[in-house]
Amino acid sequence: MASIRKRVNGDGSHSWHVQVRKKGFPSQTASFDRKIDADRWATQVEADMDARRWRDTSGAEATSLKDALTRYEAEYTTKKKGAPAEARRIARWKQEKIAGYSLSKLKGSDFARYRDGRLSEGRSPSTVRLELAIISHLFNMARREWGYEGLNNPIQDIKMPGHSKARDRRLGKGEEAVLLEYCQKRENAWIYPITVFAIETAARRGEILGLQWSDVNLAAKTALLRDTKNGDDREIPLSERAVLLLKGLEAQGRGSVFCTTENSFRLSWARMMRQIIKKNPEFNGFRFHDLRHEATSRFFEKGFGIMEVAAITGHKDLKMLQRYTHLKASDLAQRL
């Protein structure tokens, strides 16, 4: 049975405190500014209990989105390969006003406003999808594993941004020389060899930074990339240029081939691109990952078949390779 009491707040305003007690269920309490809202809540809770639809939401009501994100990062994000990037997205979420709201009070409309705001700022649909995906997974885990059984996932109530157009940025005439010239001027000496290796192998940044000398066989011209994005180890062939590059680094001969951290590389690359864009505006928006597209396209231009390219790049879905075959018509014409 519900009991409703009027309370006087410290600022002189009034609120209504509701308590619902029913045999077989834990006591439920809530506070409202209006009595009509208190009556509606009590009636709904009692009806749900009578119909066996009731779920305990006290945990979700006492947990803010910010606190939930902290727990989510500790329990899930740290175990992911993309942990650094996801941690940055979580840090951004914590700066949002809605991070202070309790999980049970968040609605789809809250996240629809966030979505629209981010898109209006010029963020890509893919970026916004990744940000919303964190929240969606958080709500699912809170309901399934944290005991918040009555919690609904508000992300399921909104339309997700459409997929971004697949990137097809390639290095234009003379752009590789410009890029590598700037790479050689960086204070982080590893920028240049990492960039060349990416162009020659189509390996991802994380795969390159994780490469160990024990997995390099210069005689056989191969390198073994371990624990790649799709979870499998992958042996890749090394071009003559890649072999010469590694031979120049071979003196150290143990441990990591490229001795820099992901964060250090990311920051150095960002600073370098800002400098390049000042004199070469055509590089605006160019990303390190575009080198993977460039290298993959070059494999096709050299005549490799789709299965051969997939073996090098590690693509499991061959459909994904269709967007990488952005071949130059002038080059194809020479083969006709």
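Which residues does asparagine 153 touch, not counting residues up to four places away in sequence? Select asparagine 153 together with Ser136, Phe139, Asn140 and Arg143, which are the residues it touches on that count, where contact means heavy atoms within 4.5 Å. This is a predicted model, in which local features need pLDDT of at least 70, side-chain atom pairs count only at pLDDT 80 or more, and totals for chains, interfaces and linings use all residues. Residues are numbered from 1 along each chain as its sequence is written, and side-chain values use heavy atoms, with hydrogens and water left out.

Asparagine 153 lies in the loop between helix 6 and helix 7 (175-183), helices being DSSP runs of H or I with at least four residues, numbered from the N terminus. With a relative accessible area of 3%, asparagine 153 is buried (under 20% relative accessible area, with exposed over 50% and partly exposed in between, for a 1.4 Å probe and protein chains only). Its side chain makes a polar contact with the side chain of asparagine 140 at 3.1 Å (a pair of N or O atoms within 3.5 Å, of which, within protein, one must be able to donate a hydrogen and the other to accept it, while residues adjacent in sequence count only if both atoms are side-chain atoms).

Next, select cysteine 183 and cysteine 259. The sulfur of cysteine 183 is 18 Å from its closest cysteine sulfur, in cysteine 259, which is too far for a bond, given that a disulfide is a pair of cysteine sulfur atoms within 2.5 Å. Cysteine 183 is buried at 1% relative accessibility, whereas cysteine 259 is partly exposed at 42%.

Technical notes:
Helix = DSSP H or I, 4+ residues; strand = E, 2+ residues; numbered from the N terminus.
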